[in-house]
Amino acid sequence: MKEKSFFEVVRGRRSIRAFKDTPVDKSVLERIMQVCDMTPSSGGFQSFEVYQISSKNMKEQLVGAAMDQEFISQAPLVLLFCANPVRSGYKYGERSKLFSVQDAAIAAAYTQLTVQAMGLATVWVGAFNEQKVSEIARLPADQRPVAILPIGYPAEKPKDKTTRGPQDLLHVAE
């Protein structure tokens, strides 16, 4: 596999909601987790957790908790990213909760780019009932689900991306 440049990876990443039945090799998950281990985190605490959802039954339950987004159960690999403020020892007080959500979001975003770089696809699922997802995954009470990433080989070709454009994103604060 030819390595892509960072900019090619970012330009090529799209949300994919249809996956082939092809299983995702264990080496892909290992690579993803190596990247997660290196993601920036507040205070270096890595105050997030990643859960692999493997069983078909659990994936189908997630579909129900995520507003019937069927593609979750069709993906061969599903990762759940959770905030875990306890890992920081609450060093930053109440901000530790926010920082742990940011840590989980950063890890999930880096995972999306890793998946794209490896020729697979994913979509960020943030529309879900937190309580139901927590129950399905049997999360400890102090952890909070932040993002679900169904991962697999794309079975659809995404449309070109439309954006606001960089000139509309940057503001000068004076």
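## The second largest pocket

In this predicted model, the second largest pocket holds about 170 Å³ of space. Eleven residues line the second largest pocket, and those nearest its centre are Glu3, Arg31, Thr114, Ala117 and Met118.

Sorted by class, the lining of the second largest pocket contains six nonpolar residues, two polar ones and three charged ones. Rolling a probe the size of a water molecule over the atoms shows where empty space is left.

## The largest pocket

The largest pocket has a volume of about 250 Å³. Its lining is made up of 14 residues, and the closest to the centre of the pocket are Gly12, Arg14, Ile16, Lys157 and Pro158. By class, the lining of the largest pocket has five nonpolar, three polar and six charged residues.

Phe6 has a relative accessibility of 52%, so it counts as exposed, since the cut-off for exposed is over 50%.

Arg11 is also placed in helix 1. Its relative accessible area is 56%, and therefore Arg11 is exposed. Along the chain, Arg11 and Ser134 are 123 residues apart, and their C-alpha atoms are separated by 33 Å.

## Salt bridges

Side chains of opposite charge can pair when their charged atoms come close. How many salt bridges does the model have? The count comes to three.

One of the salt bridges joins Arg144 and Glu130, with the closest N and O atoms 3.0 Å apart. Arg144 belongs to strand 4 (residues 144-152) and Glu130 to helix 6 (residues 130-137), so this pair ties together parts that are 14 residues apart in sequence. Arg144 is partly exposed because its relative accessible area is 43%. Glu130 likewise counts as partly exposed, at 32% relative accessibility.

Another salt bridge is formed by Lys97 with Glu94, where the closest N and O atoms are 3.5 Å apart. Are these two residues buried, partly exposed or exposed? Lys97 counts as partly exposed because its relative accessibility is 41%, whereas Glu94 is exposed, with a relative accessible area of 60%. There is also a salt bridge between Asp168 and Arg164, and here the closest N and O atoms are 2.9 Å apart. Asp168 has a relative accessibility of 36%, so Asp168 counts as partly exposed.

## A loop residue

Where is Ser55 placed? Ser55 is in the loop between strand 1 (48-53) and helix 3 (56-65). At 35% relative accessibility, this serine counts as partly exposed. The residues Ser55 and Ser73 are 18 residues apart in sequence, and the distance between their C-alpha atoms is 9.3 Å.

Methods: Residues numbered from 1 in each chain as written. Predicted model: local features only at pLDDT ≥ 70, side-chain atom pairs only at ≥ 80, totals over all residues. Heavy atoms only, no water. 1 Å grid on protein atoms, 1.4 Å probe; cavity = no way out; pocket = protein on both sides within 12 Å on 5 of 7 lines; lining within 4 Å. Points joined across faces, edges and corners; volume = space filled by probe spheres on them. Nonpolar A, V, L, I, M, F, W, Y, C, P; charged D, E, K, R; others polar. Buried < 20%, exposed > 50% of the residue type's maximum accessible area, 1.4 Å probe, protein only. Salt bridge = Lys/Arg side-chain N within 4 Å of Asp/Glu carboxyl O. Helix = DSSP H or I, 4+ residues; strand = E, 2+ residues; numbered from the N terminus.
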